[in-house]
Amino acid sequence: MRSIWMTQAEPKEHPRLQEDIETGAVVIGGGMTGVLTAHFLRQKGIETVIVEADRIDSGQTGRTTAKITLQHGLIYHRLMQRDEAAARQYAQANAHAVEEYRRMARDIDCDWADCNAWLYAQQETEPLQREYEAACRLGIDAELACPDELPFDTAAGLRFGGQARFHLVKFLRAVAQPLCIYENTPAVSVEQNRVVTPQGSVTARHIIFACHFPFVNIPGYFFARMHQERSYVIALENAAPLHDMYLGVDGEKLSLRPYGNLLLFGGGGHRSGENSTGGRYGMLRAKAQEYWPHSSEAVRWSAQDCMSQDGVPFIGPFSPSRPDWYVATGFQKWGMTTAMTAAMLLSDQIAGIENPASGVFSPQRFAVAASAKKMAEDAAQSVKGLSRQVFGLPRGTVENLPIGHGGIVEVAGQKVGVYKDEQGAIHTVSARCPHLGCQLEWNPDEKSWDCPCHGSRFDFRGRRLDGPAQTDLDMQSQ
């Protein structure tokens with residue numbers, strides 16, 4: 001489903017790569033991270049090419065709520081507990097990102113609006129108190145107060161001043177305009193300093209993976225250090241107007257931000273592949289009717305985020321064995337600000353410029369205390385997904401599957417994924433994710449097959465929607 005951003009800006013088409021070329025740097029991925037990285041490399045005099053599998057804003061960038069903020073949930077207290085220097089690097093890097101967006105937006109018509117970013121609690125106040133104290137120690141403009149424009153009661157609120165919101169697609173397309181971009185050009189493989197695509201290749205000194213989830217498993221092993229989570233948004237008409245941006249830290253953890261005469265109302269997050277009962281959009285609609293009885297839904301969409309085990313993105317060299325490969329991934333749910341942070345950091349590293357944020361975001365870090373629990377959880381999730389494929393029993397038959405539903409069933413002695421559409425037609429696909437073989441799960445809210453191990457997604461016909469899988473699902477004969 002297309003987001004509000006993708007329906008309100010006319011795209012410029014870029015050509016498909018159809019020959020072998022050479023350049024200084026090649027960026028895989030045409031989202032905000034890829035475009036900004038190419039922008040800064042170009043400013044530093046490094047010839048750069050972007051290869052994008054679809055359109056430049058068609059991935060996760062186009063599905064964000066476009067908050068520009070260094071307020072990233074309850075992160076600063078957690079970072080301070082581990083390493084105050086790292087917490088300071090993280091805060092300063094994201095503060096610089098907010099200001100760079102602000103500087104660039106002065107010359108771009110992108111519906112820029114300065115505002116506050118709030119965290120709110122409906123139950124316990126202590127987490128916000130701790131986060132406030134950490135923010136103050138780091139020099140962040142923060143204040144404890146109860147927000148007064150929300151339609152429900154809160155126990156506490158934490159305000160960060162000097163944040164912003166914008167129309168991300170208008171901004172991205174303006175920045176992309178002078179860049180060398182090839183659309184509909186998926187990277188099929190990467191071989192040393194060469195990116196191979198279906199009809200041509202790009203040879204470059206530097207290769208940057210800005211494609212959300214790196215599709216190269218080894219080296220790097222990012223599939224073992226991250227998982228993915230989905231969240232849902234509905235854009236409401238006739239809801240009470242808001243000025244600031246909000247995110248709950250307990251309860252339903254609802255997200256709110258205005259855009260024009262719309263209110264973007266989000267929540268219902270879950271680990272990818274763990275939504276067999278559905279109802280995420282239904283929950284948001286029910287809450288919308290409770291808080292704004294006269295509101296109506298204009299559009300809805302969902303997004304997917306890579307979650308690192310220690311809560312900090314991976315930005316920097318891909319692996320010691322690949323010194324000219326770079327990566328930006330694991331943005332948690334803060335893709336806009338982190339995209340700018342990544343672009344500034346990576347372009348500095350490639351140009352040989354020292355950047356003080358290199359350490360906190362280094363992909364080579366391994367914080368045992370912060371990562372051990374999450375690593376165990378992610379490993380257990382992968383084992384569970386593989387076990388479903390090998391040992392799990394089919395859950396029904398095609399005949400018993402209701403109209404408009406999907407599920408794992410047995411057909412001719414094999415477990416397969418089956419969706420029965422509203423006309424009763426049967427769509428059968430392999431239940432095995434082509435990435436690393438985990439059993440897929442049906443997501444009724446999106447009518448998609450989602451991988452609970454690493455987050456790959458496919459539509460009901462088996463067409464790839466999200467990586468790290470690189471191919472569609474095998475179709476199964478009836």
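Before we start, some terms: buried means under 20% relative accessible area, exposed means over 50%, and partly exposed is in between (1.4 Å probe, protein chains only). This is a predicted model, so to speak of local features we need pLDDT of at least 70, side-chain atom pairs count only at pLDDT 80 or more, and totals for chains, interfaces and linings use all residues. Residues are numbered from 1 along each chain as its sequence is written, and side-chain values use heavy atoms, with hydrogens and water left out.

A salt bridge here is a side-chain nitrogen of Lys or Arg within 4 Å of a carboxyl oxygen of Asp or Glu. By that rule, the count is 26.

Start with R285 and E297, whose side chains form a salt bridge at 2.7 Å, N to O. R285 sits in helix α6 (residues 280-291) and E297 in strand β15 (residues 296-308), 12 residues apart; helices (H or I, at least four residues) and strands (E, at least two) are DSSP runs, numbered from the N terminus. R285 is partly exposed, at 33% relative accessibility, and E297 is partly exposed too, at 30%.

Next up, D310 and R365 also meet in a salt bridge, 2.7 Å from N to O. This pair links distant parts of the chain, 55 residues apart. D310 counts as buried at 6%, and R365 is buried at 16%.

Finally, look at D466 and R457, with their closest N and O atoms 2.8 Å apart in a salt bridge. D466 is buried at 7%, as is R457 at 4%.
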